[in-house]
Amino acid sequence: METVNAVESIDIPPSGLGDEFFMREALSLAQAAECLGEVPVGAVVVRNGIIVGRGFNSPIGENDPTAHAEIAALRDAARNLNNYRLPGCELFVTLEPCAMCAGAIIHARISRVVYGARDAKTGAHGSVVDLFSVDRLNFHAEIEGGVLAAECGDLLSRFFAARRKKP
């Protein structure tokens, strides 16, 4: 049986397109979650222009309330890099992280978080609470929201609209 390394090398996109490039990778993972009946959220962890971790929402299929896209991507990256700390890494996620994921991001020492759509119900970067700006915490990541926000939000809106239509 052939062993495949989960860390893939990719071409670094032209200057100024990096965030959108990696967000599109996260969007493709969100679509995979949707195909499995999960809320369509995807995430990738990137270090030096290389995706080192991937994840998508799977709490229903895994019967695990912690199986969020960010947690899955952080776990994958930690395994691939052989370290529970991920300094110098960036996390791209299609939806504003919740409080649980914000805590994991902080503990992992992710340097930068880029997300797509805001989450008015559970967002932990200002939509409900802003855990990333709590001064007393011992680590602070750089946060940027709104990258491909319309595409990320539309995917979620279509998913929930379709669920509401089902009998």
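Helix H5 (residues 149-165) is the element to select first: with 4 residues, H5 gives the most to the lining of the largest pocket. Keep in mind that this is a predicted model.

**The pocket**

Colour the lining by class and you will find 8 nonpolar, 5 polar and 5 charged residues.

**The whole chain**

Now zoom out and show the cartoon. The protein chain has 5 helices and 5 strands. Traced from the N terminus, the order of elements is α-β-β-α-α-β-α-β-β-α. The chain has 167 residues, and 43% of them count as buried.

**The parallel strands**

Select strand E4 (residues 112-117). E4 is mostly covered, with 6 of its 6 residues buried. Which strands does E4 pair with? One partner is E3, joined to E4 in the parallel sense over 5 bridges. For a landmark on that side, pick Leu91 and look across to Val113, its bridge partner in E4. E4 also runs parallel to strand E5 (residues 142-145), with 4 bridges between them. On that side, centre on Val114 and find Glu144 of E5 standing opposite.

E3, H4 and E4 together make a β-α-β unit, and the unit is right-handed.

**Two loop residues with positive phi**

Follow the chain out of H4 and stop at Arg109, in the loop between H4 and E4. Arg109 is not a glycine, yet its phi is positive, near 65°. Is this residue buried or exposed? Arg109 has 18% relative accessibility and the cut-off for buried is under 20%, so Arg109 counts as buried.

Then go to Leu148, in the loop between E5 and H5. Leu148 is another residue other than glycine with a positive phi, here about 55°. Its relative accessible area is 13%, so Leu148 is buried.

**The aromatic cluster**

The structure holds 3 aromatic pairs. Begin with Phe21 and Phe22: their ring centres are 5.2 Å apart and their planes stand at 85°, so this pair is edge-to-face. How accessible are the two residues? Phe21 counts as partly exposed because its relative accessibility is 28%, while Phe22 counts as buried because its value is 5%.

From Phe22, move across to Phe92. These two rings also pair, at 5.3 Å centre to centre, and with 40° between the planes the pair is tilted. Phe22 belongs to helix H1 (residues 18-35) and Phe92 to strand E3 (residues 89-95), so the pair ties together parts that are 70 residues apart in sequence. Phe92 has a relative accessible area of 0%, which means that Phe92 is buried. Select Phe21, Phe22 and Phe92 together to see the cluster into which the ring pairs link them.

**The hairpin**

For the next stop, select strand E1 (residues 42-47) and strand E2 (residues 50-56). These strands run antiparallel and are joined by 6 bridges. Pick Arg47 and look for its bridge partner in E2, which is Ile50. The hairpin of E1 and E2 has 2 residues between the strands, and in this hairpin Asn48 takes a positive phi near 55°.

Gly55 is buried because its relative accessible area is 5%.

Methods:
Residues are numbered from 1 along each chain as its sequence is written. This is a predicted model: local features need pLDDT of at least 70, side-chain atom pairs count only at pLDDT 80 or more; totals for chains, interfaces and linings use all residues. Side-chain values use heavy atoms; hydrogens and water are left out. Rings of Phe, Tyr and Trp (its six-membered ring) pair if their centres lie within 6.5 Å; planes under 30 degrees apart count as stacked, over 60 as edge-to-face and the rest as tilted. Buried means under 20% relative accessible area, exposed over 50%, partly exposed in between (1.4 Å probe, protein chains only). Ala, Val, Leu, Ile, Met, Phe, Trp, Tyr, Cys and Pro count as nonpolar, Asp, Glu, Lys and Arg as charged, and the others, Gly among them, as polar. Two strands pair if DSSP finds at least two bridges between them. A crossover is right-handed if, with the strands pointing away from the viewer, the path from the first strand over the helix to the second runs clockwise.
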